[in-house]
Each structure stands twice: as structure tokens, then as C-alpha cells.
Amino acid sequence: NGIYFSTVFNKSSNLWPWNVSKYWVTHTIPDSLLSGTMTAQKIAKKIDGKGNILVIQGRVNNTTNKKRLEGLKSVLKNYPNIKVLDSKSANWSRAESSILVTKWFMKYKVDDIQAIWAGNDEMAMGALEVLKEMGVEKEIAVSGVDGTGETVQSVILKEVTCTVSIDPYWQSGMGLSFAYLRIRKYNEARM
């Protein structure tokens, strides 16, 4: 007998549970294209459709990162007056994001940046830490994705423009539910 399992978030685009193992029950993933699109729309609206933005990516070859960037780019096509000044990876890391944003502000003037679009909340919060140290957290729009409590609180305080919840508890719960149902079905068949 094997162990039934579910996976969440990243996998190769051509790898599916039904092609691999009878024990791999489900794979759940949020709509990263939609997340990237929604945050980009909020940022574009916040900066009145014009200005310069910095883009903090997750892991470069990661499916989630690619889809969120695709969402951002699809929105920016409709805003010719928004320019991406720089775009680099911070590997989903707050610490790496903070270092990256610090380096960017050695390269660019604060007045030249209207927004920072981050691929997740951890990187958005890393950017926000730098903006707070500089005293400009209310001047530069920041977005993230995940809907973490800390980031939602920063949205309430108007330090972060937006975040999108991907509801990881629901995703994980659904995966476990399907694994449980599969086990139950297996056990009933053995009786």
C-alpha cells in the first residue's frame, strides 16, 4: 500500500496526478494570472496610469512567478505611460527584497518611482521596510499577493496599496479532503 497525498502550489506544467501515481490525489494552485492582473490594475489606478514602477519577481523559472508577471504585463499594455524601470528576482524572500529595493534606491531617485509591484506579500513587506526607513511609505504604491495578515494590516494603514488573498487554508483543506475521500473509498472497497 502507498500513501495518498495532495500537493499545493507549484508543479511542472505537464505533470498531472493521474499521469504519475494512483496515490497522488490532487494538485491545487491559485490563479496566479488573475492575482498578477488584479494587483497591477490597482497599482495602475493608484498612480493614475502614469509613472515608473519597480517589479520584484519571485523565483524566475517558477510557474507562479511567470503567471503573475504575465498578469502584470497584460495590464501594462493598456497603460503606455507606465514604465517598468527595473525588474529583478527576490526569490519570494523578504530579506532579498529589502536588499534589492535598497540597491534600487541607490540607483534611482525616490521621486522617480511611483510604485513597487511585488509578486508576493513577503517581498512587498521587504520593500515596505525600506520605504519606512526612508520615510516615504505613503508616497510610493506597493502591492503584493497572498493576503497575509501583516500585509492586510498594512493595506488598512494605507502603507500598502493592495494584496490578493490566495486562501492557502482552503487550498490545503481541499487537498486533504480529497486525500481523505480517496482513503475512505479504498478502505470501503477492501471491506
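In which helix is the place of Leu34? Leu34 sits in helix H2, and we will visit that spot in one of the views below. Please keep in mind that the model is predicted.

**Figure 1. The whole protein, from one end of the chain to the other.** Let's start with the overall layout: the protein has seven helices and six strands. Reading from the N terminus, the elements follow the pattern β-α-β-α-β-α-β-α-β-α-β-α-α. Along the principal axes, the C-alpha atoms fill a box of roughly 70 × 30 × 25 Å. The protein has 191 residues, and 45% of them count as buried. Its accessible surface comes to about 10800 Å², with 55% of that belonging to carbon and sulfur atoms. Take the contacts between residues at least 6 apart in sequence: 68% of these join residues at least 24 apart.

**Figure 2. An open sheet of four strands.** Here the strands line up in the order E4-E3-E5-E6, and their pairing is parallel. Strand E4 (82-89) and strand E6 (141-143) stand at the edges; each has a single partner strand, so one side of each is left without a neighbour in the sheet. On average, neighbouring strands of this sheet are turned by 15° against each other, direction ignored. Look next at strand E3 (residues 51-57) and strand E5 (residues 115-118), which pair in the parallel sense over four bridges. If you find Leu54, you can trace its bridge partner in E5, Ile116. As a reminder, strands of a sheet pair through backbone hydrogen bonds, either parallel or antiparallel.

Figure 3. Leu34, at 42%, falls between 20% and 50% and so counts as partly exposed. A polar atom of the Thr37 side chain lies 2.8 Å from the backbone oxygen of Leu33. Leaving out residues up to four places away in sequence, Thr37 touches Gly71, Leu72, Ser74 and Val75. Leu34 and Leu72 are 38 residues apart along the chain, and their C-alpha atoms are separated by 9.3 Å.

Figure 4. In soluble globular proteins, nonpolar side chains tend to be buried together. The largest nonpolar core here has 20 residues, of which Ile56, Val101, Phe105 and Ile116 touch the most other members. At least two residues of this core come from each of E3, helix H4 (94-107), E5 and helix H5 (121-134). H5 gives the most, with five residues. A second, separate core of 14 residues includes Ile43, Leu72, Ala115 and Ala141.

**Figure 5. Thr163 in a loop and its contacts.** Thr163 is found in the loop between helix H6 (149-156) and helix H7 (168-190). Which side chain makes a polar contact with the side chain of Thr163? The partner is the side chain of Asp121, at 2.6 Å. A polar atom of the Thr163 side chain also lies 3.0 Å from the backbone nitrogen of Gly147. Beyond its neighbours within four places in sequence, Thr163 is in contact with several residues, including Gly144, Val145, Thr151 and Val155. For a sense of scale, Thr163 and Ser74 are 89 residues apart in sequence and 18 Å apart in space, C-alpha to C-alpha.

How values were computed:
Residues are numbered from 1 along each chain as its sequence is written. This is a predicted model: local features need pLDDT of at least 70, side-chain atom pairs count only at pLDDT 80 or more; totals for chains, interfaces and linings use all residues. Side-chain values use heavy atoms; hydrogens and water are left out. Two strands pair if DSSP finds at least two bridges between them. Axes are lines fitted to C-alpha atoms, for helices over the stretch in contact, and angles run from 0 to 180 degrees between N-to-C directions. A polar contact is a pair of N or O atoms within 3.5 Å; within protein, one must be able to donate a hydrogen and the other to accept it, and residues adjacent in sequence count only if both atoms are side-chain atoms. Contact means heavy atoms within 4.5 Å. Buried means under 20% relative accessible area, exposed over 50%, partly exposed in between (1.4 Å probe, protein chains only). Accessible areas come from the Shrake-Rupley method with a 1.4 Å probe; for residues, only the protein chains shown count as cover. A nonpolar core is a set of buried Ala, Val, Leu, Ile, Met, Phe, Trp, Tyr and Cys residues joined through side-chain atoms within 4.5 Å.
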